[in-house]
Amino acid sequence: MTKKTGADSKPDLRLVGAEAAVYDLMRAPETTGERVKRLQLEAHALALEEVEQFEKLLTQAAEKAKDIASGGDAYPVGVREIAARLAADLPTRAETIRTIVGRVG
């Protein structure tokens, strides 16, 4: 498909994910077992994406906690102490999650 805009005509290119499947019209319909397996694989892939996003959020939270912990008197003492503990703990937790995903994924 070509998109025309004035004198300039450029092809309308779209990226398709690597996981995208093209349905084969000559293929017999999926059996229930095949469909269950396909849906389980899709659910597994989605779960891994969610875990990877969670790991990134933990890393970002650790960075924010480090900023607060080193923020000086602008932050209450108790908040700085909790932030310091989180800044030390969260990167380890994120790395543990990354390792688990690396083994499973």
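Colleague: Which side chain makes a polar contact with the side chain of glutamate 55?

Modeller: The model is predicted: local features need pLDDT of at least 70, side-chain atom pairs count only at pLDDT 80 or more, and totals for chains, interfaces and linings use all residues. Residues are numbered from 1 along each chain as its sequence is written, and side-chain values use heavy atoms, leaving out hydrogens and water. A polar contact is a pair of N or O atoms within 3.5 Å; within protein, one must be able to donate a hydrogen and the other to accept it, and residues adjacent in sequence count only if both atoms are side-chain atoms. At 2.4 Å, the partner of glutamate 55 is the side chain of arginine 98.

Colleague: Is glutamate 55 buried or exposed?

Modeller: Buried means under 20% relative accessible area, exposed over 50%, and partly exposed in between (1.4 Å probe, protein chains only). Glutamate 55 has a relative accessible area of 12%, so the residue is buried.

Colleague: How far apart are the end C-alpha atoms of H1?

Modeller: The expected span of a helix is 1.5 Å times one less than its number of residues. H1 has 38 residues, so it should span 56 Å. The end C-alpha atoms agree with that, at 54 Å.

Colleague: Which helix do the buried residues of H1 pack against?

Modeller: The buried residues of H1 are Leu48, Glu55, Leu58, Ala62, Ala65 and Ile68. Contact means heavy atoms within 4.5 Å. Glu55, for one, touches Ala94, Ile97 and Arg98, not counting residues up to four places away in sequence. The packing partner of these buried residues spans 77–104: helix H2.

Colleague: Is alanine 88 buried or exposed?

Modeller: Alanine 88 also sits in a helix, H2. Its relative accessibility is 55%, so alanine 88 counts as exposed.

Colleague: In what order do the elements of the protein chain run?

Modeller: The protein chain has two helices and two strands. Read from the N terminus on, the order is β-β-α-α.

Methods: Helix = DSSP H or I, 4+ residues; strand = E, 2+ residues; numbered from the N terminus.
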